[in-house]
Amino acid sequence: MISPPPATTASSERQRFRRFAALVRKESFQVMRDPSSILIAFVLPIILLFLFGYGVSLDTKLTRVGLVMEETTPLTADLAASFRASRYFSVVSGRDRRQFEEDLVLSRVRGIIVIPADFTATYMAGSRPEIQVIVDGSDPNTASFVQNYAQGAVANWQLQRQAEMKGGNPAITVEQRFWFNPELTSRSFLVPGSIAIVMTLVGTLLTSLVVAREWERGTMEAMMATPVTAAELLAGKLLPYFLLGLTSMTVCVLLAVFLFGVPFRGSVLALYALSAVFLMPALGQGLLISAVTKNQFLASQLALISAFLPAFLLSGFLFEINSMPTIIQWITFIVPARYLIPSLQTVFLAGDIWPMFLQAIAVMFAIGCIFFLLAARSTKKRIA
């Protein structure tokens, strides 16, 4: 077998590089001329980040409850004071539970705490008095919160009473420490997770729409008629959107740190390594959708259904994966955001934990390679 002369090989490599550079330059100009690309890459992420940062909160504070005191004694007044002193309750007092029944139905209060008329007598007799907690079961999360913190307020009151009666401190005290997020603010882990949701939407939606538009206009077939290969075409089209996705992520991170006050304890290297690898499955999925549909409307619908919704619902962003049915838990393993969200939360709140990051990077890279192979194969079939 006769190998080509070195000069011919070098000339071929130079031509291939020029073709690829021309593709990247052409795609970059198209991005800058297209207002929808800038809208999806920068305006939409900022809007979503503001919604997640200010509109979505899992912090339950000052929950409005009705406190019914069926008897007024120094003991019940002391117990009522413990409820009013809680930072989790906004207490409205009354003498009859019927005062709050309509408020509970209309969600003006989230629960009714009833101190019964025989509370003092039962307590002084050495028995265990019962306090009734009525909650709105239509909202299970808030109902559990009211019930648990009502029990906690009563337990703290009992400890204080025991300490006062014995003239000293309780024998056992519990000192709580919360690592990484001492204030227990949901924004500190919602905002990093929302960056992954934004990157999913930007990478998949942007790529699927723009490439599908070229299929509709026929420019994709015209480009494939040139000497450019399918791999060069796909890489040339995706590189500008890859850089656009990283730029969008950078804007989101700056907003998270300087506007929302989320701590950043990791390294920039870990942040960009995770984000860059995550963009592979995001862009690859968008490219595959566009190659299969060749239609902007269908591409946008498929991008939302197959990328945004799984990233939002099946990644552990809002709902605990271990609480899902087993078959759904298995499905979450193919959702790239499942690996990015905990990694970003770790980068922001805990720092660099590279064994965790490398595992996430390997899985996201594998999913991205599968999407790219499917997209390249679909593109060749469509052109043939």
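Buried means under 20% relative accessible area, exposed means over 50%, and partly exposed lies in between (1.4 Å probe, protein chains only). The model shown here is predicted, so local features need pLDDT of at least 70 and side-chain atom pairs count only at pLDDT 80 or more, while totals for chains, interfaces and linings use all residues. Residues are numbered from 1 along each chain as its sequence is written, and side-chain values use heavy atoms, with hydrogens and water left out.

**View 1. Gln345 sits in helix α13 (residues 337-349).** Helices (H or I, at least four residues) and strands (E, at least two) are DSSP runs, numbered from the N terminus. With a relative accessible area of 18%, Gln345 counts as buried. Look for Phe189, Pro192, Gly193 and Ala350, which Gln345 contacts once its neighbours within four places in sequence are left aside. Contact means heavy atoms within 4.5 Å.

**View 2. Glu27 is a buried residue of helix α1 (residues 6-33).** Its relative accessible area is 1%. Not counting residues up to four places away in sequence, Glu27 touches Val210, Glu214, Gly236, Lys237, Pro240 and Tyr241. Take Val210: it is 183 residues from Glu27 in sequence, yet their C-alpha atoms are 10.0 Å apart in space.

**View 3. Helix α7 (residues 187-217) meets helix α11 (residues 296-313).** Two packed helices are described by the angle between their axes and the distance between the axes. Here the axes come within 9 Å and cross at roughly 165°. Axes are lines fitted to C-alpha atoms, for helices over the stretch in contact, and angles run from 0 to 180 degrees between N-to-C directions. The helices α7 and α11 are therefore roughly antiparallel (angles over 145 degrees; under 35 is roughly parallel, 65 to 115 roughly perpendicular and the rest oblique). Among the residues that meet are Ile197, Leu201 and Arg213 in α7, and Gln296, Ala303 and Phe312 in α11.

**View 4. Helix α3 (residues 74-84) has buried residues on the same side.** These are Leu75, Thr76, Leu79, Ala80, Ser82 and Phe83. They cover an arc of only 150° around the axis, which puts them on the same side of α3. The arc is that of the directions from the helix axis to the C-beta atoms.

**View 5. Arg161 lies in helix α6 (residues 140-166).** Leaving aside neighbours within four places in sequence, Arg161 is in contact with Leu75, Asp78 and Tyr123. Arg161 and Asp78 are 83 residues apart in sequence and, C-alpha to C-alpha, 9.6 Å apart in space.
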